[in-house]
Amino acid sequence: MSAVLPLGWAVLLPVLLLAVTWAVVAADVLAAGRAGGRPVPWTVAALTPAREALRLLVGQRRRAVGGDELLRGIGGAVLPLAALLAAVVLPLGLRPVADLGVGIVWFNAMEVFAWAAVWLVGWGSNSTLSLIGGYRFVAQGLAWELPHMFALITAAVGAQSLRVTDVVAAQQGLWFVVIMPVAFVAFLLSVAAMAFWGPFGAPVGRDVAGGAAAELGGVDRLVFVTGRWLLLVAAAAMAVPLFLGGGHGPWLPAWAWVLVKTLAVLAAVVALRHRLPTIRMERWTEFSLVVLTPATIAQALVVTLVALGEGGLR
Amino acid sequence: MNLQAFLVVAAALVSVGLFGALTQQSIVMVMMGLELLLNGVILAAAAFWYFLAPSGTEGQVLIVIVVTAMAIEMAAGFAVTTAIYRAKRIDMTDDATELRG
Amino acid sequence: MTTALFVVLAATAVVAGALVFRVDSMARATFLLLLSFLAVAGLVLMTGLQYVGLVIVLMMVIEMVVMAVFMIMYMMNPAGLMSMSMFHNTRGAAVIAAATFVALAGGALLVDWPVRGGSPAPDPTMALGESLMSGQMLTMMTLGVTLFATIVGTVVLATGRGRYDRLGDELDAPASDDRDRGGVGR
């Protein structure tokens with residue numbers, strides 16, 4: 001058995017991600033209906049993603065006067081691309097599409113393109129509110145990137161490898177979430193923040209009339225919104241190989257475990273989303289830099305000491 | 001693909017960066033020139049590592065140093081720009097003449 | 001194939017780098033510089049340095065977004081909506097830059113480079129890590145201390161209201177008089 005999936009999976013990966021995204025959007029519609037006191041039948045919720053997509057596809061695109069169409073287009077396209085590229089190191093089962101020796105750094109480097117994407121969309125729209133949205137994302141990004149990186153590093157230290165399949169292999173007995181709970185929580189927080197979603201939705205918040213996405217219409221908005229959901233799904237799916245044992249588990253085959261765990265993580269974030277208000281950037285920044293960053297550093301230190309205690313470098 | 005080709009590209013990047021750093025009036029643009037210059041240094045370091053001494057790690061360490069230098073350069077540059085702007089409302093190199101002898 | 005990739009990446013790096021100083025829009029200038037960095041990162045990846053190449057990508061994306069924020073903040077014409085020249089001493093600089101290029105490229109082509117010694121470690125990332133944590137430890141520690149000094153120095157330089165402004169000359173004010181709550185002066 002080779003370490004990577006056959007090449008055809010590279011084509012299948014976006015389809016899989018989109019399918020999971022569909023399910024998550026539908027679940028989010030259901031949860032929103034329940035939280036709002038007006039429950040939506042699940043048949044309606046299941047069709048909502050398709051209906052919205054079709055509506056946006058036939059909808060009118062909007063061109064901003066004096067806007068930078070080129071930069072806005074690049075920004076919008078980069079968002080889903082970043083999510084897809086980050087997902088190539090995700091083990092679907094026990095094997096990923098590309099088993100890079102520095103897979104964790106690859107994931108980090110790709111997902112960070114969201115910074116450029118959101119800012120570019122906000123800038124290119126030539127609207128004050130859009131630009132404010134873009135700036136908000138950068139401000140939040142500076143806050144979540146550090147705990148996020150420390151969480152990734154902690155998992156890599158635990159496995160003593162930057163290769164994602166090695167991280168999965170190291171969790172055959174014990175899931176990393178048990179020995180690094182702080183890193184896991186920080187990772188989940190940064191997943192939502194990376195997709196500027198839920199409590200971290202200020203960059204596209206209602207108080208700035210849609211923020212970075214304010215001036216997007218038609219297919220532009222479809223690409224942007226899809227990219228944002230894909231980013232959430234890809235990043236949440238990464239929590240499975242990093243902290244939740246990947247494809248390891250009894251009875252079921254590896255791919256089924258990955259799917260079940262990914263859906264469980266996403267269900268947890270979707271359920272939490274409707275219980276939490278949007279957090280202001282300055283409060284999140286303060287919490288992140290004063291509490292979360294030191295906590296994740298301490299977590300990395302503890303895991304390092306454990307790794308050293310177990311015999312140091314393999 | 002050989003050492004000479006890499007080094008010529010690196011030399012081009014260094015020269016373009018130098019040209020930018022020397023001609024730009026805005027302090028921020030000067031820093032963009034310096035970044036481009038260091039970009040050439042990174043490329044040259046990678047080429048030297050690969051084509052001359054691949055068994056060692058000095059090339060990689062040099063790149064790590066240059067990348068850190070870029071971060072420091074940018075942080076310090078923006079801090080100085082901010083300080084000058086706060087004090088005198090200027091953002092052009094030609095206006096910052098305190099140290100002219 | 002490799003040669004074609006090299007030519008494309010090299011041309012992208014140099015052309016995007018040169019365009020940085022030609023375009024009027026500061027946002028475009030910043031992201032052209034990013035494109036140049038990404039092309040160089042691609043070239044570095046081609047030499048087999050996976051970790052360093054990806055770190056360049058990671059760092060430069062963040063750095064250029066932050067750069068864009070400052071560009072917009074401090075340029076009088078950030079969107080380049082009116083065309084204006086922001087150059088000085090173009091001719092002298094062109095001569096210096098051309099001379100530098102001739103000297104460097106000439107040196108690259110004329111020097112009799114030594115033959116390749118040894119072969120890359122099976123995992124260059126591992127080799128880098130081991131080297132930074134043993135032989136090059138001093139380098140790593142120097143970088144760490146320098147970065148820390150930079151953080152302190154830049155905050156001191158860039159801060160608008162220090163603690164003496166917020167808490168009085170004797171630092172004995174019961175609460176800071178900041179407009180915005182939060183932080184250490186809450």
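What pattern does chain B follow, read along the sequence? Select chain B and trace the sequence: the pattern is α-α-α. Chain B holds 3 helices and 0 strands (DSSP runs, H or I of at least four residues for helices and E of at least two for strands, numbered from the N terminus).

This is a predicted model, in which local features need pLDDT of at least 70 and side-chain atom pairs count only at pLDDT 80 or more, while totals for chains, interfaces and linings use all residues. Residues are numbered from 1 along each chain as its sequence is written, and chains are lettered from A and ligands numbered from 1 in the order in which they are written.

Stay on chain B and show the C-alpha trace, which spans about 50 × 25 × 20 Å along its principal axes. Of the 101 residues in chain B, 54% are buried (20 or more other C-beta atoms, placed from the backbone, within 10 Å of the residue's own).

Next, select chains A and C. Their contact takes 23 residues from chain A and 20 residues from chain C (residues are in contact if their C-beta atoms, placed from the backbone, lie within 7 Å). On chain A, colour α4 (103-111), α5 (113-124), α6 (128-159) and α12 (281-309), the elements that give two or more residues to the side touching chain C. The largest share of that side, 5 residues, comes from α5(A).

Finally, select residues 1-78 of chain C as domain 1 and 122-178 as domain 2, bounds that come from an automatic or database domain assignment. The centres of these two domains of chain C, taken over C-alpha atoms, are 26 Å apart.

Technical notes
Two residues are in contact if their C-beta atoms, placed from the backbone, lie within 7 Å. A residue is buried if 20 or more other C-beta atoms lie within 10 Å of its own, exposed if 12 or fewer, and partly exposed in between; C-beta atoms are placed from the backbone.
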